[in-house]
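Student: I would like to learn how to read the place where two parts of a protein meet. Could we go through an example together, step by step?

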Amino acid sequence: MDFDGLKQLMRDNGIVGCGGAGFPSYAKLNDKADTLIINCAECEPLLRLHRQLIEVRAKEIVETASFIAKTIGAKEVVIGIKAAYKKAVAALRNQIGDSNFVRIHLLPEVYPAGDELVLIYETTKRVIRPGQLPASVNVLVYNVETIYNVYRALHGHPVTHKFVTVTGEVNQPETFYAPIGSKIFGLVKRSGGQKIDDPAFLIGGPMMGFLGSDQDVVTKTTNAIIVLPKDHPVVLRKKMKPRIDLKRAMAACSQCSYCTDMCPRHMLGHPIDPAAFMRVVSNQDAHNVGPYLNARYCSSCGVCEAYACHQGLSPRILLGFVKNNIRASGIKYPDYDGPVVPDEEMDFRRVPLKRLVARLDLEKYADPAPIYEEPINAKEVDIKLLQHVGKKAIPVVKINDHVKEGDIIAHYDDTSLSVNIHASIDGTVSEITSTYIRIRK
Ligand code: SF4
Ligand code: SF4
């Protein structure tokens with residue numbers, strides 16, 4: 001297979017980044033990249049599917065990563081994985097042997113080790129300039145499940161299922177292989193049911209995830225469902241409003257600068273400075289626009305609010321608010337042309353994961369959530385037409401059509417970033433809306 005063939009395979013089979021925003025994987029492929037990095041940092045507290053997938057599928061992942069790297073002409077594959085994931089590291093070592101094409105880079109147990117820019121610096125010492133992509137330093141990064149999806153596509157299986165860890169206040173935390181479009185309440189039920197009445201459902205990790213409901217559905221980017229009490233600190237933090245947070249910042253920001261000192265992007269030398277931002281925003285200072293414009297370099301990792309700030313303030317929420325408003329108003333950012341120098345003291349300022357879990361009051365939920373590779377059943381699925389960055393896929397089925405698992409039900413929009421969407425179960429199309437296609441078994 002050549003470069004274009006691999007690109008088309010990824011697009012046809014609906015492969016996107018399995019977490020985060022779901023950037024289409026075909027659009028990341030880059031034939032100038034000399035290094036393919038596999039991201040197995042999995043640094044969000046309570047998430048554990050990538051390390052478990054490696055434990056059972058190391059062979060497929062190493063072989064597929066090597067295949068992709070050779071197809072794009074890269075010189076090496078680097079697997080960035082935390083030393084703490086001992087079983088997964090052993091499985092990889094067993095597979096890699098004395099290869100001089102694939103190497104493991106052991107990462108410390110810190111947050112956010114999986115931030116793409118942090119991971120690239122950690123594994124290659126290359127620094128991506130603010131606003132630039134990994135391609136600018138000739139690197140390509142995919143996560144473990146994305147590589148596994150390429151393996152499946154090479155064997156004729158498009159993306160129809162997603163590994164999802166269900167944990168928190170459930171009787172039996174587990175990691176399922178769920179049909180895309182399955183309802184969250186069904187997965188919680190399969191995990192032995194919720195232990196508390198009227199919980200909150202956190203979709204994704206405690207740091208970067210969002211609050212949803214048990215009626216939400218699994219998408220290609222759903223890594224975890226964390227069931228928590230509604231008054232849990234993580235839930236309360238997710239409910240904070242910029243308007244209230246601004247007032248709190250005006251009253252309580254001490255300008256200690258801990259948020260800036262510990263900001264992972266600031267430590268890489270990027271011009272994001274949450275303390276300076278808090279100063280201008282809480283003083284409603286319109287003279288100094290730099291901190292507002294530099295909000296774009298915030299990754300929303302949450303270190304500033306969840307760990308650094310001793311006053312419980314949230315630079316992340318206010319930065320996000322400003323960033324979204326600047327984007328919505330169509331203002332074009334000036335390119336950053338200043339120096340980018342990583343902080344020499346970075347190693348001493350990182351956030352230990354264990355301390356973060358304690359700070360977030362999540363220690364009691366840190367149980368194993370064993371992986372089950374056997375796909376689970378669903379009687380009905382609502383498959384979203386937009387599960388990726390870019391444009392919605394366009395339905396190619398009609399009501400009452402019979403479809404089989406793996407059939408294309410919506411084709412990518414050729415005019416933009418977009419990937420195919422496939423049926424995740426055998427059944428009949430019972431509803432088509434502007435946002436999803438419902439299939440009943
Ligand atoms: S959320 Fe806070 S710590 Fe993270 S990148 Fe943004 S400003 Fe920095
Ligand atoms: S850590 Fe908190 S109090 Fe200190 S500067 Fe940042 S927002 Fe203000």
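Student: How many salt bridges are found across the interface of domain 1 and domain 2?

Tutor: Side chains of opposite charge can pair when their charged atoms come close. In this predicted model, where a salt bridge is a side-chain nitrogen of Lys or Arg within 4 Å of a carboxyl oxygen of Asp or Glu, the rule finds 2 salt bridges across the interface of domain 1 and domain 2. Residues are numbered from 1 along each chain as written, chains are lettered from A and ligands numbered from 1 in the order in which they are written, and side-chain values use heavy atoms, leaving out hydrogens and water. Local features need pLDDT of at least 70 and side-chain atom pairs count only at pLDDT 80 or more, whereas totals for chains, interfaces and linings use all residues.

Student: What area do domain 1 and domain 2 bury between them?

Tutor: The size of an interface is often given as the accessible area lost when the parts come together. Here domain 1 and domain 2 bury about 1900 Å² between them, with 59% of it on carbon and sulfur atoms, where buried area is the accessible area (1.4 Å probe) that two parts lose on being put together, summed over both. On the side of domain 1, Leu 46, Arg 48 and Leu 49 lose the most area to domain 2, together 29% of what that side buries.

Student: Which salt bridge does Arg 57 form?

Tutor: Arg 57 forms a salt bridge with Glu 60, and their closest N and O atoms are 2.9 Å apart. Both residues lie in helix H3, 3 residues apart, which is about one turn of the helix; helices are DSSP runs (H or I, at least four residues), numbered from the N terminus.

Student: How many aromatic pairs does a search of the whole structure find?

Tutor: Rings of Phe, Tyr and Trp (its six-membered ring) pair if their centres lie within 6.5 Å, and planes under 30 degrees apart count as stacked, over 60 as edge-to-face and the rest as tilted. The search of the whole structure finds 5 aromatic pairs. The rings of Tyr 148 and Tyr 151 have centres 5.8 Å apart and planes at 20 degrees, so this pair is stacked.

Key:
Helix = DSSP H or I, 4+ residues; strand = E, 2+ residues; numbered from the N terminus.
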